[in-house]
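These are my notebook entries on a structure that is new to me. I record what I looked up, one topic at a time.

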Amino acid sequence: MNPIHVAAAVIRAADGRVLIAKRPEDKHQGGLWEFPGGKVEPGETVEAALARELAEELGIVVTAARPLIQIRHDYPDKQVLLDVWEVSAFDGEPHGAEGQPLAWVAPKRLPEYEFPAANQPIVAAARLPDRYLITPEALSPAQLLQGLRAALDSGVSLVQLRAPGMFSAEYRDMAVDALGLCAGRAQLMLKGPLEWLGDFPAAGWHLTAEQLRKYARNGRPFPRERWLAASCHSAEELALAAEIGVDFVTLSPLQPTRTHPEATALGWERASEWLRGFGAPAFLLGGLGVDDLPRAWRSGAQGIAGIRALWPAELE
């Protein structure tokens, strides 16, 4: 069975809200909300199909768009391949040209709407930024908090508190302070034993590759209301991440790094190949900076993760 190739759009207003549309009751998955788009015709590029569909459905002309995520999904009665692009600029005022209800929704409120199962990774991608800051090690708590405050002031909105050199008690104290700084400004992802989950209900959790291998077959350790991520370094680990139901991953190392010079770099081609079959947002990690974002997007990634490239202070 050949999958139905669909082009879909996460359309953003200037204030960050996302446009969604309600499917007609008489169509497949009728009555659910979706991201606007439609089928890619034979011989048509995804970009051309998206422009055509959005002109027909919403009466807008796309002026700026980029790849966001590609998803393959099997329904009982059909297979779909969703090519999702983020539309950041357009001409015209969107309206339901085919009579469909529309809604502009703040990204954090998207989980309150009911979408088809294939759209769930798009909901995650629409809520995530394109940069994932990982805090550097070997800093004092005061230095780390000072740098985190500066990063938040610069607009960082997704942070992993990574401090492998700290004792557990010191890390937990740091997590409390970091959560206070991030409240209302950024999503904080913690690392540590899953036994800590109940102590930090506002935090997401970033699993190590070791934890992923240990827990994947037990299923997701907490409900969808909390962010779950994992560190992946191979196609096998990406499969385990999909099995446990992560919201996003880091895939590393893309290139050689100063912190892990012994690790074998994946390279752009291999990373892109693995992400084509993954179906959840992924941040590429390892030797990348903000200038690499366009290539990361073209490779199927949500964006980049980094320490040195995203930390606001110079590191020795």
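I looked up the contacts of N119 first, taking contact as heavy atoms within 4.5 Å. Leaving aside neighbours within four places in sequence, N119 is in contact with W33, E34, F35 and L82. The model is a predicted one, in which local features need pLDDT of at least 70 and side-chain atom pairs count only at pLDDT 80 or more, while totals for chains, interfaces and linings use all residues. Residues are numbered from 1 along each chain as its sequence is written, and side-chain values use heavy atoms, with hydrogens and water left out.

I then placed N119 in the loop between β7 (102-105) and α2 (120-127); helices (H or I, at least four residues) and strands (E, at least two) are DSSP runs, numbered from the N terminus. Is N119 buried or exposed? N119 counts as buried because its relative accessibility is 8%; buried means under 20% relative accessible area and exposed over 50%, with partly exposed in between (1.4 Å probe, protein chains only).

**Helix α3**

I noted that α3 (residues 141-153) has 13 residues. From first C-alpha to last, α3 reaches 18 Å, close to the 18 Å expected at 1.5 Å a residue; the expected span is 1.5 Å times one less than the number of residues. Buried in α3 are L144, L145, G147, L148, A151 and L152. They lie on the same side of α3 because they cover an arc of only 165° around the axis, the arc being that of the directions from the helix axis to the C-beta atoms. On the face turned away from this buried side, I found the exposed residues A142, Q146 and D153. The cover over the buried residues of α3 includes β8 (131-134), β9 (158-160) and α4 (168-182). After α3 comes G155, with a positive phi near 105°.

**Helix α6**

Which residues of α6 (residues 235-244) are buried? I listed E237, L238, L240, A241 and I244. Their arc around the axis is only 160°, so they are on the same side of α6. Among the elements that cover the buried residues of α6, I recorded β11 (204-207), α5 (209-215), β12 (228-232), β13 (248-251) and α7 (268-276). G245 follows α6, and its phi is positive, near 85°.
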